[in-house]
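Please look through the model below before reading the points.

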Amino acid sequence: MAKILILLAALLLPAAAFAAAAPEGDPIVIGGLFAQSGPAAVVGTPSKLVAEMTVAQLNATGGILGRPVKLISYDTESSPDVALRQARQLVEGDKVLAIIGPTSTGEGLAVKKYTEEKKVPAIMTVGGDAIIAGGKFGPFDWTFKAPQRTATAVDKIYEYLKGKNISKIAVMSSKDAFGQDGLAELKANAGKFGVEILAEESFDPKGTDFSAQAFKLQAAKPQAVIVWTIGPAGAIAAKNFAALPGERPLLVQSHGQPGPSYLELAGEAAGGTIMPGTKLMAPESLPDEDPQKIVIESFIKAYKDAGIQEKFPLNTHSGYAYDALALLRAGLEKAGKADPEALRAALEKLQNVVGVSGVYTTSSQDHNGLHGDSMIMLIVDSGRYKLAP
Amino acid sequence: MLALYLAQIVNSGLALGAVYGLMALGFSLIYCASRLINFAQGELLLLGGLGIATLAGVMRLSPLVAVAAAALAGFLLGRALFATTLGLTLRASPLRQLMLTVAASLVFQGVAILAWGKNPLMPPRLLPLPDLRLGPLFFGRDTVTALALAFCAMAVLGVFLKYSRLGRALRATSQNAVAARLMGIDPVLCHALSFALAGALASLAALAVGPQTGLRYDMGLGLGLKGFAAATIGGYTSLPRVFLGGLALGLCEAALVLFLSGELKETATYALIIVLLVAAPAESEAERP
Amino acid sequence: MASFSLSRKASLALFFAAMTAVGLVTPAHRLIGVNQHMFLAANVLALNFCLGLGGQISLAQAAFAGMGAYASVLLHARFPGATLVIVPTVVLGVGLLAALVSRPMERLGEGFLAMATLCVSLVCVNVALTLEGVTGGAAGLMVERRLALPGVGELGGDRLTFFLFLLLLALGSYIFLALRDSRLGRALAACRDDRHAASSLGIDRPAVRAVSFGLGGGLSAAAGVVHGHYTGFISPEQFSLELSLKALLFLVIGGPGNLLRPILAALVLETAMGWLQFLGEARTLVNGLLLGAALLAGYWRVRR
């Protein structure tokens, strides 16, 4: 009961403080696609909770364009087929204005093909770049992406390594869409930073031991090893590297890893690993003038107050659904009306929209809008994430 | 350099292989006693491991108590699995029984999600075994834990099957169910026992694999499949061979990664299993399960 | 269909009439769900050839469906508009491949055969992951071309796809029944019921069973072709082991050898599980309980 009261207070207080008019009129209906079962459920379930929390906040502060917002969300079961089915239900059955989600890259591609044809704006929370890459993945006029691009994270890592005078690396990537994406970007951008990839290996993200891969990469004597995967496999790899005899290379993880789960699963082996992450992972390190500071702090508070923290401790993926809704709100306010074409046009011209994952400035070519400055390099030090020196 | 490579193959391969071997033993016990492929084997590991992790959070478990508790928890889980699948459908076709274990694996996953959530859980390391160096060979502590557990379990299981009355009854049922029944052995009891023992083995495997990888609701099928593959390589019937099948699978995977690449490991492993199955001599066809 | 007082023909007619009605009445955006279940149902029927007629378990159905989908999509990208040539080639090719694969595996017992076909499935998924240049790897492949017939135009859209699937089911059912009552079907039944007796009677077991495997593989491939072009995106995860297991599950629920009951089981139970969205966290548990209950219900019905 107390929790509910606190939640109510948290929702109502800002409303009272800003004395915003209660939203009225027909609600703006937004569709949500989140993987709540299957392998991507660990990311999808908290995304749904965050989306619901954010919509409640929006409505408490006057809605969008003075109208209340209504979120209808479905479970995609981590499957492209089901995601497409639910997307069609949202668009043709529930008549939503726009879609946020889905969770995995495969789901995103299946949904995108349809939303592009149907001209429905979709702000996706998937990790892979394929949805807004164009080329063989088709046009992306109506598709936007809230999390940083893979290439952004790769550049961030390479910049950091260059600063440390590290130029010989090895790459270990998982055999799924996320790992494949990472490997491709790591290879494509290596030359730009004068980095040489000495060896590469791949592994099954559902595997239980990658010590053979770790040993093989160590044998190539790189200065650093970059592990590109999402989920528990990253922690297993860290442990396998830590268990190797002899001189160990610097271990770098992808931007999919930062979160308490990695620390818990990898234990001591996590110590000293470097990874790019959103500023959400080290809020205390932000200077006061950083525009994201206040957004991140209030997000963390709301996240805890809503009780999501207990089930899904805050991690690097937590903010994506919030950001998708922040983009949507900014887009609608810029467009001035709840119309798909106007919303699409506005979403392409956003400037300095402050979200949890970064400050978005989009263009017709860049449907993500985040750059290297939205990320920070983290280091694991005595069981905590800190700004990497 | 080659020596180092070989040492690493042994280390990685045995870490994997011991776990596969334990899973394969459980598979074979059930398969021999009731001609049933148990697709919920991986979920037995999952729930056994999660149960022990929770227990260890409440009270301090000494290593021996932990092993005993894990074995007991697995035993009960296996027994429960039997009661809800094979026990209900003793006269159904083997396929229907098999599919019931698939449904049971979903139920077990559902229980894991409701009780422990979707985030991976890190069980504490209950068996504090050290790293081991034997001449040129190096064994990480995970490898040592897995091997120690596997060999102890094998030994206890072997003694039980060979010398105890119940164990002999189980073996008799496996070899010839009708004759065993004529000798006054209750086949249902033996089926139930094989499930319970498989559960205990899976739970012990969780003690080895849990602290290494963490436990998550969707990890069961992958491990179960490897156990199934290992049991197939070992040929189901002889327990030492089945266990060796597990070790061979683990070593083969490690060797493939080191000499070929992780990219091709799965393809090559499964292709090898097909070749192995097809090329195996057709010794007395009737006995091949 | 013993428990129904309807004759086989009447129940078949009733089923296809009911499905036609479903196809005509359901709004388009709901039909996509039905179509996805029809894809599964076609795979159930395909598996029925191997298991129901020949008594051979197969977990490779997803692999055959995947091969069909990938081959057709890749060939269409190369030769757009050649649907009339591509589809029969792909279906025949995969069918032949399935028959060839099954021959050396024929003598394996149940457990070993399950493992071997499972390995075929896993090898196919991993090959698709590895051949990134051709298949797009784990990220998958966007499907640009639709199936098209000269004179008719593009075969896309929900309703048309529904009837394509229904046609596929009807064709499969016809072949299934014709085969079951033919000399070849009797030979298959003999192999299923007592393989040693069958061999003694002079039946060429590997050849006979290769036919059933090949037909099943071809049907799965055809279903994969339709599904791949319909969804507009294919990736290895859509043709993973889960599909094979589901096909086997629904076939067993309905009873191998039955024609309609497994198909109905797939359609009804999949739809029901789709509705269980609202359960949230408890969904996996309830799915498992539902499937278990269906399996037990089938068992008790037969026992009584």
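What distance separates the centres of domain 1 of chain A and domain 2 of chain A?

1. The centres, taken over C-alpha atoms, are 31 Å apart. Domain 1 of chain A covers 2–147 + 290–370 and domain 2 covers 151–254; such bounds come from an automatic or database domain assignment.

2. This is a predicted model, in which local features need pLDDT of at least 70, side-chain atom pairs count only at pLDDT 80 or more, and totals for chains, interfaces and linings use all residues. Residues are numbered from 1 along each chain as its sequence is written, while chains are lettered from A and ligands numbered from 1 in the order in which they are written.

3. Between the two domains of chain A, seven residues of domain 1 and seven residues of domain 2 make the contact (C-beta atoms, placed from the backbone, within 7 Å). On the domain 1 side, two of these residues are nonpolar, four polar and one charged (nonpolar: Ala, Val, Leu, Ile, Met, Phe, Trp, Tyr, Cys and Pro; charged: Asp, Glu, Lys and Arg; polar: the others, Gly among them).

4. Chain B puts 38 residues in contact with 34 residues of chain C. On the chain B side, α4 (94–116), α9 (220–234) and α11 (262–279) each supply at least two residues, and α4(B) gives the most, 15 residues. Helices here are DSSP runs (H or I, at least four residues), numbered from the N terminus. This side of chain B has 28 nonpolar, five polar and five charged residues.

5. The average pLDDT (the predictor's confidence in each residue, from 0 to 100) of chain A is 91, and 95% of its residues score at least 70. Over residues 1–19 of chain A, however, the pLDDT is below 50, and this stretch has 16 contacts in the model beyond near neighbours in sequence. Where pLDDT is low, the predicted coordinates should not be read in detail.
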